[in-house]
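Please open the structure in a viewer and keep a selection tool at hand.

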Amino acid sequence: MMLSFENIFRFTCICLVYTHNIIRLDDQRFAKFILRHIDKVPTKPHFYEFQSDSLEVCFDRCVATTPCISINYNMTGKRCQLVNYDINMGKDYEARSGWQHFDTGRTSIVRILSSDKNYCITIESEDQCNPSFTSTSEHSLLYKEINRAACKGVGAYFDFDRFTGVLVHYCSGLVVEPRNTYVVAVGNPLLQTYNPNRWRVTQLGYMSFHLLAMYPRNNRLGQNVSVHASGNEDISQDQGKVFIERDSIPVKYEFWSKSMSSFTSFESTARLHMERQIPARITRLDSFDCYPSTDQDLYFVRMITLFSPDVTGTHSFWLRGDDWAMLFIGDDETMESKKLVAQFQASDGTFSGAHSGSKYLEADKMYYMEVLHYEGVGSDWLVVEMIRPGDQDRVQVSLNFLYPVKDEPITPGNIIREFTTYYPLYEVSFDIKPFGITSPAQYTSVLHATIGNNHVNLGDRIPALWFNPGTLKLAIFTAIGNNLNYRTGEMELPTTGYTNIHIKQTSIEGIYYVITTINGTEISRIRNNNPQTFQNVKVYQGDPWHYAAKAYIKNLNFTTTP
């Protein structure tokens, strides 16, 4: 059962807050709520509860005074619960009789920004929500500087249906499509002519309509520069790349430059390279669908996500593309449970061949899904399709089946935080679960805060954590006194569950100590007579000087205070 409630709230707000399909502007607020479940609510606990005589009051509270992402409502008891969880994050729900759960669905209301976030895209009109209109009207799209009023109001928002690929200017209702060499907003769309072409964000970061992409005129961003439609052959610089303001994009796409010599060794070579080398590019996609590009030859990518089927039974999966690809599906949502389901080796640049495999899957259960794809030379293509139990036609493995991976593995060179000033008081905590040992035996990086190098100056390890060579023993180092590499503790970690690590440098009665706690038990307390303030500190989850540890990290918090 799916009921839709679209509420538009108009009143004063001191700031702009964006989340999912709830837009909070200075003078207007927008929310589109959908009845997601009856007698079921998110497993994640609510953060606020109050008495509410009507569902609308509950919506108002969530959108206005106590910002939330979704709500639970009990019609009998007239109780409203505010929750920070929705369908974009996963499918973790539990039974609760008498309660209904509402969220705002998969995110569609977005701003389209330049990749540097210095410009937004909107329509050319003094009144963006009520432009002059005739049956033949075409309104150009323009880039506007992000600090201008045009980027701060509702006129900067689009309704981007990521299932159908339809892009609509939100408040005017005009449909966006390429015409000739321009991208325009129109009231008489020709989308049916282009079917099955659609708007999508490509693996290269462009807003693309099949083989056309949004691009600033003359490849130069600036105030009031028109948005053009350029062919992929013209996309050779970063000016046309976009940033779509949305909360959750399910497929993580990692790119490495690498020449492969043999299909039989493709997987082993790729996985060894991933352990040792930093991805040249990381982006996120709504599906595995990769259109042809001239981006580069001799590279491979890994795409990871969670797949949740809507029916129980044997699913057939199909790969088509150029040059090589392998599809892995887990027995559950963990990476280590993955098994090869389908693969292909081709080099003709066409979709003439399809290669399939099958797997029995349960409805609503989450399964780890991964694709390895290699491009030699020429065009690069990839499509992943499936035949659901009881169906005969193939359909794409698309957004409505996919969710972000909850536990992503550590990768080399992954900068997760940067501190302009790093004070003597710092605190870091996280949960970690190893899933293997790297071969050959060597130190493998978990977390590394540094002023710039691996092991040169005081401040290069503040702190740094590795697994000892050939073991699951976690070793913890930091700067103590004038020793830039003081080992503060170590412990063997299990692979069966997560272990909580907590490290802090704190002042007790004017004396500084580095205290290390594992699963709530203090394992070391080291006095530091030389606490320092450092500048320009980078925090790596997997540093660029070592292989990445085979482990998952979650619930990471890293702070520093004067």
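**Charges over rings**

Begin by selecting R281 and F255: the arginine lies over the face of the F255 ring, at 4.3 Å from the ring centre. The model in the viewer is predicted, and every distance and angle in this tour is computed from it. Next select R106 together with Y403, where the arginine again lies over the face of the ring, at 4.5 Å from the ring centre.

**Aromatic pairs**

How many aromatic pairs does a search of the whole structure find? The search returns 21. Two of these pairs are visited here.

Select F266 and Y374 and display both rings. Their centres are 6.1 Å apart and their planes stand at 50 degrees, so this pair is classed as tilted. Now colour the secondary structure around the two residues. F266 belongs to helix α4 (residues 266–276) and Y374 to strand β27 (residues 367–375); the pair therefore ties together parts that are 108 residues apart in sequence.

Move on to F419 and F558. Here the ring centres are 5.7 Å apart, with the planes at 45 degrees, so this pair too is tilted. F419 sits in strand β31 (residues 415–422) and F558 in strand β42 (residues 551–561), and the pair links distant parts of the chain, 139 residues apart. Both F419 and F558 are buried.

**Disulfides**

Clear the selection and show the cysteine side chains. The count comes to four disulfides. With the bonded cysteines counted along the chain, the disulfides follow the pattern 1-4, 2-3, 5-7, 6-8.

Select C62 and C68. These two cysteines form a disulfide in which the sulfur atoms are 1.9 Å apart. The torsion about the S-S bond is about -115 degrees, so the disulfide of C62 and C68 is left-handed. Both C62 and C68 are buried.

Proceed to C120 and C151, which are joined by a disulfide with an S to S distance of 2.0 Å. This link of C120 and C151 is left-handed, with -90 degrees about the S-S bond. C120 is buried, as is C151.

For the last stop, select C129 and C171, a disulfide whose sulfur atoms are 2.1 Å apart. The link of C129 and C171 is left-handed, with -90 degrees about the S-S bond. C129 is found in the loop between β10 and β11 (138–145), and C171 in the loop between β13 (166–169) and β14 (175–179); the pair therefore ties together parts that are 42 residues apart in sequence. What does a surface view of these two cysteines correspond to? C129 counts as partly exposed because its relative accessibility is 22%. C171 is likewise partly exposed, with a relative accessible area of 25%.

How values were computed
Residues numbered from 1 in each chain as written. Predicted model: local features only at pLDDT ≥ 70, side-chain atom pairs only at ≥ 80, totals over all residues. Heavy atoms only, no water. Phe/Tyr/Trp six-rings, centres within 6.5 Å; stacked < 30°, edge-to-face > 60°. Helix = DSSP H or I, 4+ residues; strand = E, 2+ residues; numbered from the N terminus. Buried < 20%, exposed > 50% of the residue type's maximum accessible area, 1.4 Å probe, protein only. Lys NZ or Arg CZ within 6 Å of the ring centre and 35° of its normal. Disulfide = S-S within 2.5 Å.
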